[in-house]
Amino acid sequence: MWNKLLLPALVLGAGAAAHPVLAEGLPGVTDGPGPNLVIEVADSKGTAKGRIVLDLYNDKAPNHVERLVTLAKSGAYDGVVFHRVIDGFMAQTGDVEFGKHGSDTARAGMGGSNMPDLAAEFNDVSFQAGTVGMARAQDPNSANSQFFIDLAPATFLDGQYTVVGQLVDGWDVLNAIKKGDPAANGAVVEPDYMVKVTVEE
């Protein structure tokens, strides 16, 4: 299976959508109709760092939103690490297969869930600070369970990755997630993790 990573080198030359809609609201400001993912974050020792809230865009990417909600409600995201975090770019998590805290996470980023991959739902929302996107392999239709949250605008991803939501609370918590080594493509040693992920409808 391809490593489910963002591949900026593949999309840097791609143009943004013709008239992209900016991510709706700034982090911590606007909360839409949801559903919302509420993520309790802790460091590798289990010390609580706070929570982040993601407003999911059911109208923009209904199949991807359904997948995130299903996995969260089943408890699949509980204990999953932020395996790839690049300062000034994004924080990636959601590998329910290889990314569980307390296990060998050497393959984190290469797995998914026991459900099939999803067909892309590219939309007109631009990748801005706090935008939530689905990670995938080279095949545009390979998103499964992994997602990322932008730490800064990343408009070169527009139209290349499915936007699935926006962070609406916990910007400080998101920015405090442990960063990885840029020389190792953002891989994090002793990563922070999602202690508990719940859904607010």
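Tutor: The structure holds one cavity of 30 Å³ or more. Here a cavity is a set of points, on a 1 Å grid over the protein atoms alone, where a 1.4 Å probe fits but cannot get out; grid points are joined across faces, edges and corners, and the volume is the space filled by probe spheres set on the points. The largest cavity contains about 30 Å³ of space. Its lining, meaning residues with an atom within 4 Å of a point, consists of His64, Ala120, Phe122, Met134, Arg136, Pro140, Ala143 and Thr162.

The model is predicted, so local features need pLDDT of at least 70 and side-chain atom pairs count only at pLDDT 80 or more, whereas totals for chains, interfaces and linings use all residues. Residues are numbered from 1 along each chain as its sequence is written, and side-chain values use heavy atoms, with hydrogens and water left out.

Along the sequence they follow the pattern α-β-β-α-β-β-β-β-β-β-α-β. The nine strands form an open sheet in the order 3-9-1-2-8-6-7-5-4, with antiparallel pairing; two strands pair if DSSP finds at least two bridges between them. Strand 3 (80-81) and strand 4 (84-86) are the edges, each pairing on one side only.

Val80 has Met194 of strand 9 as its bridge partner. Helix 2 (residues 62-74) packs on the sheet and touches strand 1 (36-42), strand 2 (48-56), strand 6 (131-134), strand 7 (147-150), strand 8 (163-169) and strand 9. Contact means heavy atoms within 4.5 Å. The direction of helix 2 makes about 115° with that of strand 9; axes are lines fitted to C-alpha atoms, for helices over the stretch in contact, and angles run from 0 to 180 degrees between N-to-C directions.

Further into the strand order, seven bridges join the antiparallel strands 1 and 2, and Val38 stands opposite Val53 in strand 2. The hairpin of these two strands has five residues between them, and within it Gly46 takes a positive phi near 95°. Strand 2 is in turn joined by four bridges to strand 8, again antiparallel. Across this pairing, Leu54 stands opposite Leu167, and Asp55 stands opposite Gln166. Strand 8 also has three bridges to strand 6, which runs antiparallel to it, with Gly133 opposite Val163. Six of the seven residues of strand 8 are buried, so the strand is largely enclosed by the rest of the structure. Buried means under 20% relative accessible area, exposed over 50%, and partly exposed in between (1.4 Å probe, protein chains only).

Asp150 belongs to strand 7 and is buried because its relative accessibility is 0%. The C-alpha atoms of Asp150 and Gly133 are 8.0 Å apart in space, although 17 residues separate the two in sequence. Beyond its neighbours within four places in sequence, Asp150 has contacts that include Phe89, Met90, Phe127, Thr131, Trp171 and Leu174.

The side chains can now be taken together. A nonpolar core is a set of buried Ala, Val, Leu, Ile, Met, Phe, Trp, Tyr and Cys residues joined through side-chain atoms within 4.5 Å. The largest such core has 34 residues, of which Leu54, Tyr77 and Phe147 touch the most other members. At least two residues of this core come from each of strand 1, strand 2, helix 2, strand 6, strand 7, strand 8, helix 3 (171-175) and strand 9. Helix 2 gives the most, with five residues. A second, separate core of twelve residues includes Tyr57, Met90, Val125 and Ala135. In the protein as a whole, 52% of the 201 residues are buried. Of the contacts with a separation of 6 or more, 71% are between residues 24 or more positions apart.

Finally, the loop between helix 3 and strand 9 contains Asn185 and Glu190. Most residues other than glycine have a negative phi. Asn185, however, has a positive phi of about 60°, and phi of Glu190 is near 50°. Asn185 is partly exposed, with a relative accessible area of 37%; Glu190 is partly exposed as well, at 47%.

Note on methods. 1 Å grid on protein atoms, 1.4 Å probe; cavity = no way out; pocket = protein on both sides within 12 Å on 5 of 7 lines; lining within 4 Å.
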